[in-house]
Amino acid sequence: MSKYYLNYLDELESEAIFVLREVWAQFDNPVILFSGGKDSILVTHLAKKAFYPSKIPFPLMHVDTGHNFPETIQFRDDIIKQLGVQLIVGSVQESIDEGRVAEERGKNATRNALQITTLLDAIESNKIDCAIGGGRRDEEKARAKERFFSHRDDFGQWDPKNQRPELWNIFNGKHYEGEHFRAFPISNWTEMDVWNYIKRENIEIPSLYFAHEREVIWRQNSWIPNSEFLVLEDSEEIVTKKVRFRTLGDITITGGIESDADTLAKIVEEVSGMRQTERGNRSDDKRSETAMEDRKKQGYF
Amino acid sequence: MLDNNQLLRFTTAGSVDDGKSTLIGRLLYDSKSIFEDQLEAIENTSKKKGHDGVDLALFTDGLRDEREQGITIDVAYRYFTTPKRKFIIADTPGHIQYTRNMVTGASTANAAIILVDARHGVIEQTRRHSFIASLLQIPHVIVCINKMDLVDYSEEAYNKVIEQFEEFSSKMLVKDIRFIPISALKGDNVVNRSENMNWYQGAPLLHTLETLHISSDINKVDARFPVQTVLRPQSEGFIDYRGYAGRVAGGVFRKGDQITVLPSGFTSSIKTIDTFDGEVEEAFAPMSVAITLEDDIDVSRGDMIVRSNNKPNTAQDLEVMLCWLHDNSAKPRAKYSIQHTSNDQKAMIKEVIYKIDINTLERITDDSELHMNDICKVKIRTTKPLMIDSYRENRTTGSIILVDDNTNETVAAGMVI
């Protein structure tokens, strides 16, 4: 007898496909926000499934801080070619050059918050009415309150206290011109679900996720990669370690962990034993207790 | 066998002092779903606020205002996994002014946990939460009689609550109600079996959640396929391909089935059921697939494909249980957009038949104004027919939302009677 129920990964997949198709049906000009990290790669993979045998019917958009891992850019360009979709790049460097934003100063300066302006500018100039992201509710406490369809006003701002109620699987994407939505098809996935699914589907991911030898320094309790942007302090020393990254952000703020996990199977095993959250190595979240909420309100991913 | 593990969604409604946060904290902590850095962050905040020990409520509150005020305002989703199942908790506030958030959390739940303080028994809030679980047709209700440690783990206290509960719940539509005596604080019967209540023969809460039979929670009889979008690749190998993309909302579709497209009434049969991973012989709820038909007929978003021998009602006049969700009250005879599956039409609230006093559960017939959090029975007229089942038969094809065209806000959620 056949079983008439889905296992949890199939159910999550089906839910994400449903959300992606709703986005396509309800909006005129959606994009997938593509960072080159595993979550946006997963969303892209699910979009491939949602519209098969058609191509993904919308572009990928990358907010390029200029502080990338070279591997990420290579991966991005390869996947664009493979899928035959358009790539839109919003450049933080251009925003700086145009005087729209100024570089942060001080010891832990990053371009993390600068992305918000570039992202909102790119959304406006490309007349995007829905930006699909790989945000997950298990990632962070402010993200736990996100909707699948999340409204942004004409300043690109999120108002967490006045969110539209979202019942059953009925999504209300109605909006005025100039406003836009963020859609989160993998809201209900956990880090573990993502890895189990990547392994099951054998999805290609950047080499950075696998254990590899790399020059790093020890800073804020994690291994920060050496790069042209790194400013060493006196006490800091560059060493070579076998590391891998659990999440990928800017090369300046993404900390690696020491690991020997060089296959998907080993990564899944390693992640299942982890006692720290994956964003624990992201210094952008450590600035204050409500760092994510504050950035999200302004229009962050 | 990880491959067969199912996903169970449950909701917990309650306020801070009835132990809801402690219970969730206990489930997450004992199932090892709280990470060290999260625990550390909570410990630090607890210290800063001068609390004794770790305040687990902080773990379940997210937004700045919630942390400052120490209350839950919005629905928060929490996740944990055991070797048997993946769980999604819709953690909702319990106070009457947040009824709409409870309704939201309940809308997708397989199970509801209702907390009763063993010292106080069934109170107004218990009635309200149970009513919402029944209204939203949550298939399984687990009444946790909490704080058993404060009544000396007495069987008598437990039985008294059951008696009170059964007295008022006889009219409710929940098929499966269970009772578990627990102490969330001490951990009795949450994850581990209590050694203090040998008189209780049932399973602890987590084991109950792990083994609830949920495969039949979704309607597997009446085949319903709301079309979300049409896939027309027009690329090599797929020049004439027309696939109707959607998520099965009920029943099972098989290759070769005789189908009818509603509302047009055109008939055809299923040629293929496609997914990225290849053709499948059958598709059941809640699978996302693309269906191709033998005949070239006009099908578009908002249409519903059903088996020809089992059709939903095609209706413009609906009786609906409505929960008003918005600050702006309902305008008499005003028009709203109505969203039902992938269908989007206009509708008018023609008549408020009665409102329900959510605390006494009595009907109010002399007040037809609809304010935030009101629950009422109404008559709705739509401009075009909807293909509906009763909510009791199918939570997907029996539910609607109303959207205010002036603000684009979702203002009401409804269940078709």
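How many residues does the contact take from chain A and from chain B? In this predicted model, chain A contributes 62 residues to the contact and chain B contributes 83 residues. In chain A, the greatest losses of area to chain B fall on Tyr4(A), Lys145(A) and Trp168(A), which together account for 14% of what that side buries. The area buried between the two chains, A and B, amounts to about 6,500 Å², with 52% given by carbon and sulfur atoms.

Polar and charged interactions were also computed across the interface of chain A and chain B. The rule finds 29 residue pairs in polar contact there, both residues being at pLDDT 80 or more. Six salt bridges are found across this interface. A salt bridge links the side chains of Glu11(A) and Arg9(B), with an N to O distance of 3.4 Å. On the side of chain A that touches chain B, at least two residues each are supplied by helix 1 (8–26), helix 2 (38–51), helix 6 (191–201) and helix 8 (291–298) of chain A. Helix 1 of chain A provides the largest share of that side, twelve residues. Classified by residue type, the side of chain A that touches chain B comprises 24 nonpolar, 17 polar and 21 charged residues.

Within chain A, strand pairing was examined around strand 9. Strand 7 (residues 212–219) and strand 9 (residues 239–244) of chain A run antiparallel and are joined by five bridges; His212(A) has Val243(A) in strand 9 as its bridge partner. Strand 9 of chain A also pairs in the antiparallel sense with strand 10 (residues 257–258) of chain A, over two bridges. In this pairing, Arg244(A) stands opposite Ile257(A) of strand 10.

Note on methods
Residues numbered from 1 in each chain as written. Chains lettered and ligands numbered in written order. Predicted model: local features only at pLDDT ≥ 70, side-chain atom pairs only at ≥ 80, totals over all residues. Heavy atoms only, no water. Pairing = 2+ DSSP bridges. Helix = DSSP H or I, 4+ residues; strand = E, 2+ residues; numbered from the N terminus. Contact = heavy atoms within 4.5 Å. Buried area = accessible area lost by both parts, 1.4 Å probe. Salt bridge = Lys/Arg side-chain N within 4 Å of Asp/Glu carboxyl O. Polar contact = N/O pair within 3.5 Å; in protein donor to acceptor, adjacent residues only side chain to side chain. Nonpolar A, V, L, I, M, F, W, Y, C, P; charged D, E, K, R; others polar.
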